[in-house]
Amino acid sequence: GLNTNGLLIALLVTQIVAFPFALIFGRLSKKYSTDKLIKVCIIAYTGIALFAIQLDKQWEFWVLAVAVGCFQGGIQALSRSYFAKIIPENASGEYFGLFDICGKGASFLGTMLIGVVTQITGKQNLGVAALSIMFVIGYLIFNKVSKMDD
């Protein structure tokens, strides 16, 4: 039910909300460990994806845009910070190049997953549900890796 202007404004709202929350997560990272905050963000994104499954009203879309903004800036900053801590200093350029490629690949794979599941089932809701499953898998992998790092 959103027109093109509404979608563009929602994208701007997400970015506007993301900036202060990135700063908030920066302050929280001084009090809590980065891996715990990343786990909170992954859980939040799982909840956001689950909320998006039933999305059918315009106000729900705006809630979704704000919720994504609350965690988008934080998880981006936290993941870069965490990654910087675990890579060798003398090879940071190569590792951050790989980090960037993986980020772009994740964007592609997530969109492809939603599209393929939607095409196979004919239901967009199931495509979004598949995305929430990916967040759960990502959480489990990150949980295992962060325990090895301790």
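Reader: In which hand does H2 pass H3, left or right?

Author: The model is a predicted one. In it, H2 covers residues 34-53 and H3 covers residues 58-86. The crossing in which H2 passes H3 is left-handed.

Reader: How are H2 and H3 oriented relative to each other, roughly parallel or roughly antiparallel?

Author: The axes of H2 and H3 come within 9 Å and cross at roughly 150°. Angles over 145 degrees count as roughly antiparallel. Therefore H2 and H3 are roughly antiparallel.

Reader: How many nonpolar residues does the contact of H2 with H3 have?

Author: By class, this contact of H2 with H3 includes four polar and three charged residues. The nonpolar residues in the contact number 17.

Reader: Which helix gives the most to the lining of the largest pocket?

Author: The largest pocket has a volume of about 2,100 Å³. Its lining comprises 47 residues, and Tyr45, Gly103, Ala106, Ser107 and Phe135 are the closest to the centre. At least two lining residues come from each of H1, H2, H3, H4 and H5. With 14 residues, the helix that gives the most is H4.

Reader: How many residues of the lining of the largest pocket are charged?

Author: By class, 35 residues of this lining are nonpolar and ten are polar. The charged residues number two.

Reader: What is the angle between the planes of Phe83 and Phe96?

Author: The structure holds seven aromatic pairs. One of them joins Phe83 and Phe96, with 5.2 Å centre to centre. This pair links distant parts of the chain, with Phe83 in H3 and Phe96 in H4, 13 residues apart. The pair is edge-to-face, and the angle between the planes is 80°.

Notes: Residues numbered from 1 in each chain as written. Predicted model: local features only at pLDDT ≥ 70, side-chain atom pairs only at ≥ 80, totals over all residues. Heavy atoms only, no water. Axes fitted to C-alpha atoms, helices over the stretch in contact; angles between N-to-C directions. Helix = DSSP H or I, 4+ residues; strand = E, 2+ residues; numbered from the N terminus. Parallel < 35°, antiparallel > 145°, perpendicular 65-115°, else oblique. Left-handed = near helix turned anticlockwise from the far one by under 90°. Nonpolar A, V, L, I, M, F, W, Y, C, P; charged D, E, K, R; others polar. 1 Å grid on protein atoms, 1.4 Å probe; cavity = no way out; pocket = protein on both sides within 12 Å on 5 of 7 lines; lining within 4 Å. Points joined across faces, edges and corners; volume = space filled by probe spheres on them. Phe/Tyr/Trp six-rings, centres within 6.5 Å; stacked < 30°, edge-to-face > 60°.
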